[in-house]
Structures are given as C-alpha cells and as structure tokens.
Amino acid sequence: RVLFRSQNIGVNGARMTSSAQLVDALARDAKLDKPALVWLSLIGNDVCNGHPGFDHMTKPDDFYSHAMESLSRLDDMLPQGSTVVSLALFDGELLYDTMHAKQHPVGSTYRDLYEFMNCLEENPCWGWLNANATNRQLTTQRSNELNNVYRNISHTAQFKNINYLFYAPNWADIFSQYKMQGHDLSNLIEAVDGFHPSQTGNAILSWNFWQWLEKEHPEVLGEVNPHNAEIDAMFFNK
C-alpha cells in the first residue's frame with residue numbers, strides 16, 4: 001500500500017531557530033509514502049519582531065545552523081526523492097512603501113499606526129514598519145544576508161533523500177505586474193495590520209510559485225493524476 005498525505009504544520013511567528021520543532025511534528029513514513037514536496041516558508045520572522053534595534057534578529061550563523069538541523073531531520077524522515085523548497089524572505093520595504101500613506105480602518109494613516117505600535121513595542125515588524133528609512137534598509141540588509149544562507153545551502157549541501165531548492169521570487173516585479181493590471185497594491189496586504197499577505201497576495205504568490213515549479217523543476221510535481229478528467233467533469237464542467 002502507498003499512503004498519500006497533505007499536512008500543514010505552519011504556525012504564526014515561526015522563525016528558523018524554532019523550525020526543528022515544527023519538523024518534528026511532520027507525519028511521514030519514509031517507507032510507505034510517495035516522495036514529498038515540502039514547503040519551508042518562514043517569510044520574515046527572522047528579522048521581524050516588536051523589539052527596537054537589531055539584536056533580536058536572527059544572525060546568519062545561527063540561521064545556517066538551525067536550517068541545517070531542520071533539513072537534516074527532514075532528510076532522515078522523508079522518502080527518497082522528496083523535495084524541500086525554501087521561500088526567500090520577503091522584500092519587506094514594499095510594505096511601508098505601499099501602505100504608509102494610506103488610511104487604516106481605525107482612521108489614522110498606516111505610518112502613524114506603525115509608529116504607535118513601535119512605541120508600545122507591539123509592532124509585528126519594527127524594522128520594516130518603521131518611518132526611519134535607515135532602519136528599513138538595515139532590516140533588508142539582514143534579510144538579504146539570510147537569503148544568501150539559503151542560497152549557499154542550495155549550492156553546497158548534499159542530502160541522501162531530499163533535493164533542496166531555494167525559491168527567490170522577485171517580489172518587486174510581482175507587485176509591479178499587479179499594479180500594471182490596474183489594481184491597488186494595498187490589495188496584496190492584509191488591511192488590519194498592514195503587514196501580512198492578504199488572501200489575494202497569497203493566491204498570487206501561490207500562482208507564481210507553481211509556475212516556477214512547472215517551468216524550472218517539473219520533476220518534483222510527480223506524475224499527472226490519471227483522474228484529472230473525472231475531477232474536471234465532477235466539479236468544473238457543470
């Protein structure tokens with residue numbers, strides 16, 4: 001028998017230093033399961049927190065050691081031929097650029113809301129949701145350093161069961177294309193906090209990710225489901 005499972009073990013606020021605990025919650029059988037496609041998406045929490053300054057951001061060396069710990073655990077538990085894809089940290093300066101001058105539902109601008117949350121040390125991302133351009137740029141610098149850790153692992157690390165990929169979309173291009181279609185960029189960001197991706201933003205990221213897989217790494221998607229025509233007839237042809 002062969003088991004097929006889909007599992008979501010994501011939690012809000014996860015960062016690389018806690019990722020091994022999430023990996024331990026993964027339910028997979030290396031002998032019975034088909035090769036897995038694992039999406040390791042931390043997006044920004046390694047640089048995002050409510051603490052002023054940069055001391056609470058994950059350092060590149062720590063990021064590397066914890067990433068390798070998590071990937072090694074995945075390599076031990078996943079069937080041979082599995083693929084793990086890490087998503088690059090977000091280009092967080094797009095958040096402030098897009099939202100700061102707009103009116104938040106409570107009535108103030110997002111800029112004022114961000115600064116108020118900074119005063120309370122309750123901002124979900126002090127570094128990027130910050131009126132100080134230097135702070136935003138330095139946060140991006142650390143984010144780029146962590147993305148380079150991912151990139152280095154994808155170029156140098158060897159695993160026995162998994163193929164490791166690093167997916168680094170051009171976030172600015174995604175935003176630009178959406179705007180060129182005549183849409184308001186704020187649609188891509190959750191209105192309540194001006195920080196997390198909206199449902200629209202998640203859908204567009206998913207579409208871009210799938211297009212990348214189909215074009216660059218179609219082998220990881222496995223065989224075409226022989227029942228696709230039946231599924232279409234059942235759900236989409238009515």
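Colleague: Where is His217 found?
Modeller: His217 is in the loop between helix H7 (199-216) and helix H8 (228-235). Helices here are DSSP runs of H or I with at least four residues, and strands are E runs of at least two, numbered from the N terminus. This is a predicted model, where local features need pLDDT of at least 70, side-chain atom pairs count only at pLDDT 80 or more, and totals for chains, interfaces and linings use all residues. Residues are numbered from 1 along each chain as its sequence is written, and side-chain values use heavy atoms, with hydrogens and water left out.

Colleague: Is His217 buried or exposed?
Modeller: His217 counts as buried because its relative accessibility is 18%. Buried means under 20% relative accessible area, exposed over 50%, and partly exposed in between (1.4 Å probe, protein chains only).

Colleague: What is His217 in contact with?
Modeller: Leaving aside neighbours within four places in sequence, Leu165 and Trp212. Contact means heavy atoms within 4.5 Å.

Colleague: And which cluster is Trp212 in?
Modeller: Ring pairs link Trp212 with Trp39, Tyr167 and Phe209. Rings of Phe, Tyr and Trp (its six-membered ring) pair if their centres lie within 6.5 Å; planes under 30 degrees apart are stacked, over 60 edge-to-face, the rest tilted.

Colleague: How many aromatic pairs does the structure hold?
Modeller: 13.

Colleague: New topic: which residues of H5 are buried?
Modeller: Among them are Arg136, Leu146 and Tyr150. The cover over the buried residues of H5 includes helix H2 (60-77) and strand S2 (82-87).
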